[in-house]
Amino acid sequence: MSSDRHASPQQPYGTAYEQMLEKVRYEGAYPTRERADEAVRLVLAGLGRQLTGDERVDLARCLPLEAARVLTAQIPDTRPLTGWAFVKDLAARTGASQATTRWDTGSVFSAVAAYAGTDLITRILHQLPTGYALLFGRAELTPAA
């Protein structure tokens with residue numbers, strides 16, 4: 001128990017999560033690893049409230065343990081949010097601007113996509129309402145009428 005108190009503040013996480021934070025920090029041009037960690041936790045908690053089923057389980061398997069815990073600790077909402085409503089919800093929860101929250105979301109989703117791979121992200125996008133493809137850096141394709 002006391003070993004937790006004396007743990008180095010520079011290395012509180014596993015190597016895989018540290019690498020994820022560095023990717024997010026680089027992608028988002030964040031000044032510190034702590035700021036990248038805040039973004040990761042905010043966005044993954046939000047995604048955890050939106051994602052269900054096999055896609056949720058498969059994504060958790062792909063992510064570093066600390067990130068998977070943030071994702072799976074959330075109870076999915078009964079009413080899914082569109083991509084834009086997702087960003088607005090996260091901004092409202094933190095008091096940050098919608099522009100900053102959109103940036104955070106894109107930075108984190110870029111790292112998530114690298115861990116998950118194209119096929120899983122495609123499955124996730126098929127499950128979620130419209131608007132998430134752009135957040136993952138993809139074109140938002142809609143079926144022809």
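Predicted model: local features only at pLDDT ≥ 70, side-chain atom pairs only at ≥ 80, totals over all residues.
**Notebook: a helix pair and two arginines**

I started with the contact between two helices: Asp-54, Glu-55, Asp-58, Leu-59 and Cys-62 in H4 meet Leu-120, Arg-123, Ile-124 and Gln-127 in H8. Sorting the residues of this contact, I got four nonpolar, one polar and four charged.

Next I looked at how the pair is arranged. Two packed helices are described by the angle between their axes and the distance between the axes. Here H4 covers residues 53–62 and H8 covers residues 118–127. Their axes come within 10 Å and cross at roughly 145 degrees. I also checked the handedness, and H4 passes H8 in a left-handed crossing.

Then I moved to Arg-49. Where does Arg-49 sit? I found it in the loop between H3 and H4. Is Arg-49 buried or exposed? Its relative accessible area is 10%, so Arg-49 is buried, as the cut-off for that is under 20%. I listed its contacts too, skipping neighbours within four places in sequence: Gln-74, Ile-75, Pro-76, Asp-77, Asp-89, Leu-90 and Arg-93.

Last stop was Arg-35, which belongs to helix H3, residues 33–48. Which residues does Arg-35 touch, leaving aside neighbours within four places in sequence? I noted Tyr-30, Thr-100 and Asp-104. I also looked up Arg-25, which is 10 residues from Arg-35 along the chain. The C-alpha atoms of these two arginines are separated by 7.8 Å.

Note on methods
Residues numbered from 1 in each chain as written. Heavy atoms only, no water. Helix = DSSP H or I, 4+ residues; strand = E, 2+ residues; numbered from the N terminus. Contact = heavy atoms within 4.5 Å. Axes fitted to C-alpha atoms, helices over the stretch in contact; angles between N-to-C directions. Left-handed = near helix turned anticlockwise from the far one by under 90°. Nonpolar A, V, L, I, M, F, W, Y, C, P; charged D, E, K, R; others polar. Buried < 20%, exposed > 50% of the residue type's maximum accessible area, 1.4 Å probe, protein only.
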